[in-house]
Amino acid sequence: MRPRSTVLAALVTALGIGLAACGQQPPVSQTHSGGQADTSSQADPAARWADGYCSAVTHLVRTLANLPEIDPSSPEQASRTSSRLLSSVVDGIDQTVDGLDRVGPPPLPGDDQARGDLLKQFASVRSRADTARERLDTATDASATKTALGDARATLDDVAALNVLEGLNATPELSAAGKRAPDCQQLVVPPAPR
């Protein structure tokens, strides 16, 4: 199985489970003629924050959905294409972190620890992805390339293990706000049939 498929499948499953655990699917945002969103979310700071949070983590989800292919036809091609893939992951994490920084802490007291923990996890995974990419780019022999490819795969597993909804599901209040946030609906994955 390609690393891209593993990462995307794991992330989509985690997102589906995380949002399904929140309860019902969030209601669809009401729009008025002229395309303006329902003003009820404007009067709801927690829903507005959740909307910004979901919008920020969507950057990483989209990045993972559009990762470049890894070409395993030769160690050199695998190394080169894996490096491009890791660069995409780093860019997606950077966009997500920038978005989470713009959103800032949630409007409810004491609810920022989960967002802070997620930002630390993003920083750690980003650093590992960048290091693995550098190792791929500087590998000079087959052994170094093989080791670097193993590091790249481990890094992708770390990305797949990220719980991007951790900050949103930190408290029942934030979880409920996510149900009222239109951008969070884009992250809802229907549960797989049994």
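Helices (H or I, at least four residues) are DSSP runs, numbered from the N terminus. The model is predicted: local features need pLDDT of at least 70, side-chain atom pairs count only at pLDDT 80 or more, and totals for chains, interfaces and linings use all residues. Residues are numbered from 1 along each chain as its sequence is written, and side-chain values use heavy atoms, with hydrogens and water left out.

**View 1. Ser-79 in helix H3.** Ser-79 counts as buried because its relative accessibility is 8%. Buried means under 20% relative accessible area, exposed over 50%, and partly exposed in between (1.4 Å probe, protein chains only). Leaving aside neighbours within four places in sequence, Ser-79 is in contact (heavy atoms within 4.5 Å) with Leu-136, Thr-145 and Leu-149.

**View 2. Helix H2 and its kink.** H2 covers residues 45-65, 21 residues in total. From first C-alpha to last, H2 reaches 30 Å, close to the 30 Å expected at 1.5 Å a residue. That expected span is 1.5 Å times one less than the number of residues. The kink is about 25 degrees and is centred on Thr-58. The bend at a residue is the angle between axes fitted to the seven residues ending there and the seven starting there.

**View 3. The largest nonpolar core.** A nonpolar core is a set of buried Ala, Val, Leu, Ile, Met, Phe, Trp, Tyr and Cys residues joined through side-chain atoms within 4.5 Å. H2, H3 (75-103), H4 (113-138), H5 (142-161) and H6 (172-179) each supply at least two residues. H2 gives the largest share, 10 residues. Not counting residues up to four places away in sequence, Phe-122 touches Leu-60, Ile-93, Thr-96, Val-97, Leu-100, Leu-162 and Val-164.

**View 4. A network of salt bridges.** A salt bridge is a side-chain nitrogen of Lys or Arg within 4 Å of a carboxyl oxygen of Asp or Glu. The network links Asp-94, Arg-126, Asp-130, Arg-133 and Asp-137. Asp-94 pairs with Arg-126, the closest N and O atoms being 2.5 Å apart. Asp-94 is in H3 and Arg-126 in H4, 32 residues apart. Arg-133 and Asp-137 also form a salt bridge (3.0 Å, N to O). Arg-133 is buried, at 19% relative accessible area; Asp-137 is partly exposed, at 45%.

**View 5. The Asp-151 to Arg-135 salt bridge.** The closest N and O atoms are 2.7 Å apart. Asp-151 lies in H5 and Arg-135 in H4, so the pair ties together parts 16 residues apart in sequence. Asp-151 is partly exposed, at 25% relative accessible area. Arg-135 is partly exposed, at 44%.
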